[in-house]
Amino acid sequence: MLFWFNLLCIAGLLVSLLFILRHKTSLARRIGHGLLQTLIWGLVWALAHPPALLPTAAGGETIRLNSEDGAAALSDLTPAELHRLGALELDGDGLRRDLLRDMPPVRLHPDQHSQAESWSLQWPHNLTLGSPLELTITRTQGGAAPIKFTLEDPFGNSVDNATLSAETSQITLRDQPKLAGQWEYRIHIDPETTVSEASPSARSEILPVSVHTTRRPAVLLWLARPGFESAALSRWLRQSGSPTQVVTRLAPDMLRRQTFNDQEPVEGNLLGADSPFDLLILDSRLWPQLSAQDRQRLGAIAGEKPLLWLLYTDTGKAFFDYAATVNMHLDESAALEAAYRPPGYSSESEIPSLQMAGVQPAATAATDSRFTAGEHVIYWARTRPRQSLGFVFFQNSYRWQTAGFDSEFSRLWADIFSAQLRWQGGEAPIALQQSLPRENERLTLCSTGFSTESAPAVRASVNDASTSSALPAAAAGISAAGNCYNYWPTGSGWHQVGDGDFSFYVFPRQSWAEWQTHLRRKDTAQMAAARLGPVDASHDTTRGDALPRYWIALLLLLLLAGTWLRERGTLR
């Protein structure tokens, strides 16, 4: 666009000069007219390209700041100095997210030459008893010197070790917690050196893990007809140890009732308010066979208990209408096969594809639970305090068992049950926004179960939460995870939220220096890109600020008016 505008200005100037040359007047007047036309067309061009002729305005100063003393250096700046601050050049490994968020809106220039050691850490902070603990450490920057990591359980036993090196930039340490509770594992870090090198001191870091006991849910599996899929699911429920009742309609007036794992059989209304089941699994083909009372009851039961529907290719329109009434619209789709691999599956053996039921969600929300296989959704659920409703969109996972993939079959259904039972016990999940919460720093907790009127109490020391004082709190707005509140822990150790079982660990300020380095670099890079966008390389700060366009337009208008006044006699 600017190319054509520049071309138009040049063409207009040439045409104007041509008319001036053909005008029969003195040479001095033609030179004057030519200079005037050149100035006019130059101003027209300057409207699109304002020249940088003014001195740099306030707010353009650049300050170089060392990451180590970033907080102290910024706190020493006066309000006038902060106002003049235009750019911040960071030496070292960047600044903490809180400091970046609280500083004035200046452009950041992170240090691109720092080569300090940095690691990324990932592990499940909350585990169910029986689930494995897996700590993954990834070297994101730094030297290639070998470093040996040893995982020590809370009782002082070494359970696993691995070496981070130039050839192995990512390692995983594993253990199987044996008891429920809040446990503090230890990671011993031993840098390996040659004889000629100075031997750095070994150290250890805390790895907190909260282990919860599993409460096996009582399950009702209610089916319209027997089949291979339902038989495989029934067998898996029996082996899982969950109290289960399976009700299968064999004929219009014939029901088969089976109970497993000490579940007392329920003969009456399976959907009644006194139903002992924690999870209800129903067959979509059962919908036409349900009574009007049962259908009415299903409209409210998803707000009280988890409800999971198994969908099949012959799902009728009446079921689609029911899904629409609970604001979970479904659409028909092609009954294709989809390749799904459970998370963590690394075998080269080919798992059989899942046969899709020819139904897919019409639209999903960002907070919904979904499992996908390529472009296909195989499980979709809306799990909220007043609604827990899910749909399974495949119908032949039993082939995994017959093909020898029993553990993958168990993992698939265990993941579905885990997502569907998020709200079991009535407690909303709580999200801790900081991956490395530290003492005397702000941390943020978010949950859809938090009230908008008052912050939940957070107290230090899980073992003696009743005698410790609550941390100071402040509202932090609303996010996708729910209402958020900020807290400022004054010490390290375990902290408990309210009267529930959610707890988290606050680290000492000097813990995991390499992880802190990685987090500061990542936060600084994200803030540098998002604060004011990418740097415009074409803008030279030494040239000063551009002339305001209204100045150029005013001068152009004055020149055109003067030209018209001088030439109006000839226009007559």
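This is a predicted model: local features need pLDDT of at least 70, side-chain atom pairs count only at pLDDT 80 or more; totals for chains, interfaces and linings use all residues.
I'll start with the cores. The largest nonpolar core has 68 residues. Trp 309 and Phe 391 are the ones with the most contacts inside it. Helix 10, residues 406-420, supplies the largest share of this core, with six residues. There is another core apart from it, made of 28 residues, including Trp 119, Leu 173, Ile 189 and Leu 519.

Back to Trp 309 for a moment. What is Trp 309 in contact with, leaving aside its neighbours within four places in sequence? Among the residues are Leu 282, Asp 283, Ser 284 and Trp 287. Phe 319 and Tyr 322 are also in contact with Trp 309, and so is the run Leu 389, Gly 390, Phe 391 and Val 392.

Next, Ala 474, which sits in strand 27, residues 473-479. Ala 474 has a relative accessible area of 31%, and because that value falls between 20% and 50%, the residue counts as partly exposed. Not counting residues up to four places away in sequence, Ala 474 touches Tyr 485, Asn 486 and Trp 488. From Ala 474 to Thr 444 there are 30 residues in sequence, and 9.5 Å in space, C-alpha to C-alpha.

Last, the two loop residues. Asn 327 is in the loop between helix 8 (317-325) and strand 17 (330-332). Its phi is near 60 degrees, a positive value in a residue other than glycine. Asn 440 also has a positive phi, near 60 degrees. Asn 440 belongs to the loop that joins strand 24 (431-432) and strand 25 (443-447), and it is partly exposed, at 48% relative accessible area.

Definitions and conventions. Residues are numbered from 1 along each chain as its sequence is written. Side-chain values use heavy atoms; hydrogens and water are left out. Helices (H or I, at least four residues) and strands (E, at least two) are DSSP runs, numbered from the N terminus. Buried means under 20% relative accessible area, exposed over 50%, partly exposed in between (1.4 Å probe, protein chains only). A nonpolar core is a set of buried Ala, Val, Leu, Ile, Met, Phe, Trp, Tyr and Cys residues joined through side-chain atoms within 4.5 Å. Contact means heavy atoms within 4.5 Å.
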